Amino acid sequence: MMYQIFKTECLHMDATIAPKDLTRLRNNFNIDKRRRTGHHHQVQAHFHPFYELFFLTRGNCRFFLFNRNQVLKDGDVLIIPPGEYHYNVYGNGLHDRFTIY
């Protein structure tokens, strides 16, 4: 298996979504936004039975996937296939990320 990390030029997350459309979207996938303000380490590796799209909008982190350690920075996107164990570690500073699953 392979995973891809790529730099995105632009992503607008502030678009207005009608309530009926938001309900429809939530029935099909989830969007999770998190802000970390200091060191954070996931306790253990985990996996999901679905794809996960991880988008780091601010800061950097180390991401462990496929027994490899990859440093992610502002604007990097990671596509995590179903069933793949992964976890991440954030250093000090401010970090913002979105996950879509």
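Tutor: Accessible areas here use the Shrake-Rupley method with a 1.4 Å probe, and for residues only the protein chains shown count as cover. The model is predicted: local features need pLDDT of at least 70, side-chain atom pairs count only at pLDDT 80 or more, and totals for chains, interfaces and linings use all residues. Residues are numbered from 1 along each chain as its sequence is written, and side-chain values use heavy atoms, with hydrogens and water left out.

Student: What share of the accessible surface belongs to carbon and sulfur atoms?

Tutor: Start with the total for the protein, about 7,000 Å². Carbon and sulfur atoms account for a stated part of that surface. Their share is 52%.

Student: What share of the residues is buried?

Tutor: Buried means under 20% relative accessible area, exposed means over 50%, and partly exposed lies in between (1.4 Å probe, protein chains only). The protein has 101 residues. The buried share of them is 31%.

Student: Which element has the highest mean pLDDT?

Tutor: pLDDT is the predictor's confidence in each residue, from 0 to 100. The protein's mean is 78, and 73% of its residues reach 70 or more. Strand 1 (residues 5-7) has the lowest mean among the elements, 38. At 95, the highest belongs to strand 4.

Student: How many contacts does the stretch of residues 1-15 have beyond near neighbours in sequence?

Tutor: Contact means heavy atoms within 4.5 Å. In residues 1-15 the pLDDT is below 50. Where pLDDT is low, the predicted coordinates should not be read in detail. With that caution, the model's count for this stretch is 31.

Student: In what order do the elements run from the N terminus?

Tutor: Helices (H or I, at least four residues) and strands (E, at least two) are DSSP runs, numbered from the N terminus. The protein has one helix and nine strands. Their order is β-α-β-β-β-β-β-β-β-β.

Student: What is the strand order of the open sheet of four strands?

Tutor: Two strands pair if DSSP finds at least two bridges between them. Strand 5 runs antiparallel to strand 6, with six bridges, and antiparallel to strand 8 (residues 86-90), with five. Strand 3 (40-41) and strand 6 are the edges, each pairing on one side only. The order is 3-8-5-6.

Student: What phi does F66 take in the hairpin of strand 5 and strand 6?

Tutor: Most residues other than glycine have a negative phi. This hairpin has two residues between its strands. F66 sits in the loop between strand 5 and strand 6. Its phi is positive, about 55°.

Student: Is N67 buried or exposed?

Tutor: N67 also lies in the loop between strand 5 and strand 6. N67 is not glycine, yet its phi is positive, near 60°. Its relative accessible area is 86%, so N67 is exposed.

Student: What distance separates the C-alpha atoms of L53 and F98?

Tutor: L53 lies in strand 4. Beyond its neighbours within four places in sequence, L53 has contacts that include V77, F98 and T99. L53 and F98 are 45 residues apart along the chain. Their C-alpha separation is 8.0 Å.

Student: Which side chain joins that of T99 in a polar contact?

Tutor: T99 is in strand 9 (residues 95-100), and it counts as buried because its relative accessibility is 4%. A polar contact is a pair of N or O atoms within 3.5 Å; within protein, one must be able to donate a hydrogen and the other to accept it, and residues adjacent in sequence count only if both atoms are side-chain atoms. At 3.3 Å, the partner of T99 is R97.
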